Amino acid sequence: QIEAMTMADRIAVLNEGKLQQVGSPEELYRNPANAFVASFIGTPPMNFIPGRLISRGDRISVATERFTLPLPPEIFREPPPQEGDVLLGIRPEDIRIGSGEIEGEVYVVEPMGRDVLITLKVGKETLKALAPLDFTIREGEKVQLHFPPDKVHLFTSGTGQSLLKRRERA
């Protein structure tokens with residue numbers, strides 16, 4: 001996948017002989033059609049946390065084992081999604097460490113040259129986050145995490161299809 005991402009203009013992602021998505025490397029990375037494409041494209045791969053989509057009037061949130069994350073309604077496809085089981089996805093480079101509403105514990109710190117790969121425990125879930133090499137953190141340390149709403153992905157639990165609108169280039 002790394003060679004395809006760096007050399008191709010368009011990529012087709014197959015799973016068990018079935019076409020999952022066709023698009024530019026950026027399109028597949030920013031707007032994966034489903035959880036399979038999201039997990040396949042990107043190194044390290046996207047984190048997934050099981051949750052439940054909750055809708056109260058015009059307020060939509062995802063409740064997980066350890067936290068509830070409010071999401072702006074405008075990120076969803078029309079019609080708005082129904083309540084139900086979902087997978088919340090976030091890429092390691094999009095997790096903000098040091099402030100936020102989610103508490104995690106540092107499990108492993110791996111210097112990787114330019115970045116540090118940090119393995120975090122949030123309840124029963126294990127997440128990977130990337131931070132700059134000069135980011136100081138120790139194993140066992142409790143940290144606050146933030147998942148920017150414009151960086152999260154949301155997939156149906158059953159089919160894995162994305163529930164979000166296409167994201168435009170930033």
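The radius of gyration is taken over C-alpha atoms, and the globule rule is 2.2 Å times the number of residues to the power 0.38. This is a predicted model, in which local features need pLDDT of at least 70, side-chain atom pairs count only at pLDDT 80 or more, and totals for chains, interfaces and linings use all residues. Residues are numbered from 1 along each chain as its sequence is written, and side-chain values use heavy atoms, with hydrogens and water left out.

Q: What makes the radius of gyration of the chain agree with that of a compact globule?
A: For 170 residues the rule gives a value near 15 Å, and the chain has 16 Å, so the two agree.

Q: Why is the pair of Phe67 and Phe147 called edge-to-face?
A: Rings of Phe, Tyr and Trp (its six-membered ring) pair if their centres lie within 6.5 Å; planes under 30 degrees apart count as stacked, over 60 as edge-to-face and the rest as tilted. The centres of Phe67 and Phe147 are 5.6 Å apart and their planes stand at 85°, so the pair is edge-to-face.

Q: What makes Phe67 and Phe147 tie together parts that are 80 residues apart in sequence?
A: Phe67 lies in the loop between strand 4 (59-63) and strand 5 (68-71), and Phe147 in the loop between strand 10 (142-146) and strand 11 (153-156), so their pair links those parts. Strands (E, at least two residues) are DSSP runs, numbered from the N terminus.

Q: Why is the charged end of Arg91 said to sit over the ring of Tyr29?
A: The term requires NZ of Lys or CZ of Arg within 6 Å of the ring centre and within 35 degrees of the ring normal. The charged end of Arg91 is 4.0 Å from the centre of the Tyr29 ring and is counted as sitting over it.

Technical notes:
Helices (H or I, at least four residues) and strands (E, at least two) are DSSP runs, numbered from the N terminus.
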